[in-house]
Amino acid sequence: MLAKRIIPCLDVSAGRVVKGVNFVELRDAGDPVEVARRYDEQGADEITFLDITASSDDRNIILHVVEQVAEQVFIPLTVGGGVRTVDDVRRLLNAGADKVSINTAAVNNPQVVADASGKVGSQCIVVAIDAKQVAPGKWEVFTHGGRNRTGLDAIEWARKVESLGAGEILLTSMDRDGTKNGFDLGLTRAVSDAVSIPVIASGGVGSLDHLADGVTQGRADAVLAASIFHFGEHTVREAKELMRARGIEVRL
Amino acid sequence: MSRVAIIDYGMGNLRSVAKAIEHVATSDTVVVTADPAEVLSADRVVFPGQGAMPDCMRELDARGLRPAVLEAARNKPFLGICIGQQMLFEHSEEGNVPGLGIFKGEVRRFPAERMVAADGSRLKVPHMGWNEVWQKQAHPLWAGIDDGARFYYVHSYYVDPADPAIVAATTDYAIPFTGAVAQANIFAIQFHPEKSAHAGLQLLSNFMSWKP
């Protein structure tokens, strides 16, 4: 049986892993290669890098990070953050990424999803959707870390990006992100049931049970978390052991 | 010391495959090449593939690599990966295109109407992630790999060989499908060994020392 995936997410700025504390203070959390290798050893099923480099001058640094990680870590790597064009996608794939995640650029120009998946294959294209609840059972797509409304209904948008050729959806609840209150399970389930491509749940994980809830109640195909793994609270292996104890198929 | 050629016909990134082989076969030479002569002079050959099979077949022919692939598949240790496995068959439902026809059989899409899990939820396509690979025959490439070990898959189509004797492994995803085929000097897999952590590296290491 196919295992549900656990995906640690690393925020990378100017070539270093950083972690935000209450979204303000960014602390250096180490060398991306070392952190990625540690997660690989713990049994991470994939690793996602989110490039949050502020300066466009430093944008190419992520390419070197990906090259170095891909030489030493033999599990799938997804890279997102600031990806705007098909050329950006190609550069990241050529550096060693297996999948590239597109967020704001997909909203601004949905054709980029079609063009990119047409060029490199759907399996390489992840569309990241940041959503906020706007009414019971209704969520809207936001960009720029939850600041900008788009007017797009999250479920409709998920169906749309699937039809454009996305191979997977990375779904983040902006209501839950950083709260440690768990995934927005209603959102996760609504999107997962609406599309036939895999959905990664993200935003709000504060405990290992939250990860399991994302699968059992949210029907996510994979769960992504950052802080519970970075701060050494839990290892990926502990997460998998709990999920297995709750009857979820995992790779252990 | 041997020389392995990874056939590059412009479909996708071959860096990961090359790095993974270099990682396990440090004294061997790994070349990523689009040159038929280099393919023919190599000791062993890896035939990868990404994206859609119609594009892969077109690009293979556009680069004049078909004769070299067919020749290598006749006598060298030959490892097909993902679309590089699918292309060895006669025909694919994807784009309704013919393949190289080394093996008899069809490449099929996961049947939409069957993609339902036991709990009633939908099984997603592409089949993406780590699934169990059940070995159906003893083979040197399975050395040191547990039966049922998980490998990383990402695909929407799978091979359906006409001859069940070539099936080297199956995996279950709504239906049991063929994950690996083997015949003489050819071993071909749907999953990605270069992304399958220890099990994948073990398989690549086995391939590099395989003497069919």
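**Figure 1. Helix α6(A) packs against helix α7(A) in this predicted model.** A:A154, A:I155, A:A158 and A:R159 of α6(A) meet A:L187, A:A190, A:V191 and A:A194 of α7(A). Contact here requires C-beta atoms, placed from the backbone, within 7 Å of each other. By class the contact has 7 nonpolar, no polar and 1 charged residues. Nonpolar covers Ala, Val, Leu, Ile, Met, Phe, Trp, Tyr, Cys and Pro; charged covers Asp, Glu, Lys and Arg; the others, Gly among them, are polar. The two axes come within 9 Å and cross at roughly 35°. Each axis is a line fitted to C-alpha atoms over the stretch in contact, and angles run from 0 to 180 degrees between N-to-C directions. The crossing of α6(A) and α7(A) is right-handed. Right-handed means that the near helix is turned clockwise from the far one, and left-handed that it is turned anticlockwise, by less than a right angle. Helices (H or I, at least four residues) and strands (E, at least two) are DSSP runs, numbered from the N terminus. As a predicted model, it is held to pLDDT of at least 70 for local features and 80 or more for side-chain atom pairs, while totals for chains, interfaces and linings use all residues. Residues are numbered from 1 along each chain as its sequence is written, with chains lettered from A and ligands numbered from 1 in the order in which they are written.

**Figure 2. The buried residues of helix α7 (residues 185-194) of chain A and their cover.** Buried here are A:L185, A:L187, A:T188, A:A190, A:V191 and A:S192. A buried residue has 20 or more other C-beta atoms within 10 Å of its own, an exposed one 12 or fewer, and a partly exposed one a count in between, with C-beta atoms placed from the backbone. The cover of these α7(A) residues includes β7 (125-135), β8 (138-143), α6 (154-164), β10 (168-173), β11 (199-202) and α8 (208-216) of chain A.

**Figure 3. A:S207 in the loop between β11 and α8 of chain A.** A:S207 counts as partly exposed, because 17 C-beta neighbours lie inside 10 Å. A:F231 is 24 residues from A:S207 in sequence. In space, 12 Å separates the two, C-alpha to C-alpha.

**Figure 4. Helix α3(A) crosses helix α5 (residues 111-120) of chain A.** Their axes come within 9 Å and cross at roughly 40°. That angle makes α3(A) oblique to α5(A). Under 35 degrees counts as roughly parallel, over 145 as roughly antiparallel, 65 to 115 as roughly perpendicular, and the rest as oblique. The crossing of α3(A) and α5(A) is right-handed. From α3(A), A:V86, A:V89, A:R90 and A:L93 take part. From α5(A) come A:V112, A:D115, A:A116, A:K119 and A:V120. The α3(A)-α5(A) contact holds 6 nonpolar, no polar and 3 charged residues.

**Figure 5. Helix α1 (residues 32-42) of chain A meets α2(A).** The axes come within 9 Å and cross at roughly 35°. The crossing of α1(A) and α2(A) is right-handed. A:P32, A:V33, A:A36 and A:R37 of α1(A) face A:V65, A:Q68, A:V69 and A:Q72 of α2(A) in the contact. The residues comprise 5 nonpolar, 2 polar and 1 charged.

**Figure 6. The contact between chains A and B.** Chain A gives 27 residues and chain B gives 30 residues. On the chain A side, α2 (61-72) and α3 (86-95) are the elements that give two or more residues. That side has 11 nonpolar, 6 polar and 10 charged residues. The predictor gives the complex an ipTM of 0.93 and a pTM of 0.95.

**Figure 7. Helix α3 (residues 53-62) of chain B and its cover.** B:M53, B:D55, B:C56, B:M57 and B:L60 are buried. Their cover includes α4 (66-75), α5, β5 (89-92), β6 (97-98) and β7 of chain B. B:G64 follows α3(B), with a positive phi near 65°.

Figure 8. B:C82 is buried, because 28 C-beta neighbours lie inside 10 Å. The peptide bond from B:V125 to B:P126 is cis, with omega near 10°.

Technical notes. Two residues are in contact if their C-beta atoms, placed from the backbone, lie within 7 Å.
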